[in-house]
Amino acid sequence: MSKHLLRRRLLERIEPRDKESRASDPPRPSEEIVRMCFDPLDIEWEAEANRLRVFFPHRFFGARFADLFQADFEETARGIFGEDLAFAYSVANAGALSGGGARWLERKEPAEFRGGGLAGSAGAARPHPALINPFPFGEERTFDTFIANGKHKWALTLARDLARRAAHGTGGGNGKKDGEEDGETPGLLVLCGGHGTGKTHLIHAVGNELFRTLGRDLRLLSADDLTERFVTAPGAAARVALRRELADARALLVDDAQRLSAGAGGQTGHTAHLANELQADDLQNELCLILDRFLEQGKAVMFAGVGHPRDWRLAAGLFSRLETGLWAELPEPDLDVRLRYAQQQARACRTPLHRETLLVLAQHCPDIRRLSGLLRRAAAHRALLGRELSEQDILTILKQGADASPLTPQLIISIVGERCGIPPREILGEKRRPDLVQARQLAMYLCRELLGHSYPVIGKIFGGKDHSTVMHGVKKIKQLQDTDRLVHSMVTELTRACRKRSG
């Protein structure tokens, strides 16, 4: 039996209903529901008995399955295997549910399930917390809403993989199931990058994904929250209990890891005062003990922070443990990502801004956070004026609330010239000295990536050069970023400088 076929048929049910459908008809499953309720299942088809055995990842999963998905699942499965298809529901590595399997799932309301439980279990079963709050870290923070392109593939793949393995493979011992190969445990992921590159979105997306299966066994905290919890634990015994609580979780996600710097140097305000009180029981030593437990048992750990981990000023012990994991650096958002972000935000806020308006805002604002503010400002202006925004209106909005100038080709050329020690007029000139050629190609690359200008337009800006010359220069810088660490660092530094100078 192909689980893939069953999933495809389920997704086909997402199509809009015909005109004869009534509002009282049960809702069709969304793609999110299919992913949440179907993907974690293990399914076996017993051909002779024409019975489908369905295994849940844990006993509370059944309540959510019954409420959100069972009717569609069984109807779709019978469409494939025949109307006489029977179902047997079980928890992985446990016995059948309540003796009758499917009968246990017939209750439609979560409240009706609270009084029941597994055969032989003590007391009443509580509903899984995801039934009450399916997106505890924000429903806008999911993998589906994360705006990515090819540059994000490595980081996004690692984050999805960590979530998948942690949801389906964590456990005691070495964290491996029978027959599982080395490397199949969730492991450790370190996510880094500049401000506004999507680190918090991704770590919260992992958190939302894991909460569906791990529930209260998940811990997602910021570095400041972690510091405060340890400092406010009254006495050594309470701190040991807190360490045990964190170590017993099935997944640990820590955001703003750059604030875990040695001593209190990375902390500010009230948290800095608290961090100073840690003294001998240093937070990083506590984290080392917790990480050792997680790594030994193959449980999921994820750290996310601003900048490169080498710049987080971590103690040697903690840094060496982070080095045992996989690292992924999120790139600065290019024009493609910024434009799609602007379109996403406009749809979410039901703001009818034209694509041309969104494009101009995205071109002139490399910073995602500032772009978000500009979108709200543009929507307010449009509502106030009662008409579409003109080019002059947009320029006025760009100048509001910012001392810096909008990003332009001239500003990019000036920044590259400052960094390379070359006057802008020479970058725009015809001389072919190696240092001039590389500076020129860097400026062309940044105009393409940050402003999204076409190759012919960039050619005109750089003294009427042919578009093929611009294409060659942009391609050259892209290739050098993969092979030359100096060029990669220079592009990163120039991109940040352009973002900073333009607000």
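Me: Which residues of the largest nonpolar core touch the most other members?

Reply: In this predicted model, Ile412, Val416, Ile427, Leu446 and Phe462 touch the most other members of that core, which has 30 residues. Two or more residues come from each of helix 18 (409-420), helix 20, helix 21 (455-461), helix 22 (467-483) and helix 23 (485-501). Helix 20 gives the most, with ten residues.

Me: What makes such a set a nonpolar core?

Reply: The members must be buried residues of the listed nonpolar kinds, joined through side-chain atoms within 4.5 Å. A second, separate core has 29 residues, among them Leu158, Ala166, Ala205 and Leu210. As a general matter, nonpolar side chains in soluble globular proteins tend to be buried together.

Me: Why is Arg219 called buried?

Reply: The criterion is a relative accessible area under 20%. Arg219 has 19% relative accessibility and therefore counts as buried. Arg219 lies in strand 5 (residues 218-222). With neighbours within four places in sequence left aside, Arg219 is in contact with Glu245, Leu246, Ala249, Ala251, Leu252 and Leu253.

Me: What makes the approach of the Arg219 side chain to the backbone oxygen of Arg216 a polar contact?

Reply: The side chain of Arg219 reaches that backbone oxygen at 2.5 Å, and the limit for a polar contact is 3.5 Å.

Me: Which residues of helix 15 are buried, and what do they pack against?

Reply: In helix 15 (residues 355-364), the buried residues are Thr357, Leu358, Leu361, Ala362, Gln363 and His364. The buried residues of this helix pack against helix 14 (335-348), helix 16 (368-385), helix 17 (391-399) and helix 20 (434-451). Across the protein chain, buried residues make up 49% of the 503 residues.

Me: How many helices and strands does the protein chain have?

Reply: The protein chain has 23 helices and eight strands.

Me: What is the average pLDDT of the protein chain, and where does pLDDT stay under 50?

Reply: The average pLDDT is 78, and 78% of the residues score at least 70. Over residues 16-27, pLDDT stays under 50, and the model has six contacts beyond four places in sequence for them. Residues 170-183 also have a pLDDT below 50, with 25 contacts beyond near neighbours in sequence. Where pLDDT is low, predicted coordinates should not be read in detail.

Definitions and conventions: Residues numbered from 1 in each chain as written. Predicted model: local features only at pLDDT ≥ 70, side-chain atom pairs only at ≥ 80, totals over all residues. Heavy atoms only, no water. Buried < 20%, exposed > 50% of the residue type's maximum accessible area, 1.4 Å probe, protein only. Helix = DSSP H or I, 4+ residues; strand = E, 2+ residues; numbered from the N terminus. Contact = heavy atoms within 4.5 Å. Polar contact = N/O pair within 3.5 Å; in protein donor to acceptor, adjacent residues only side chain to side chain. pLDDT = per-residue confidence, 0-100.
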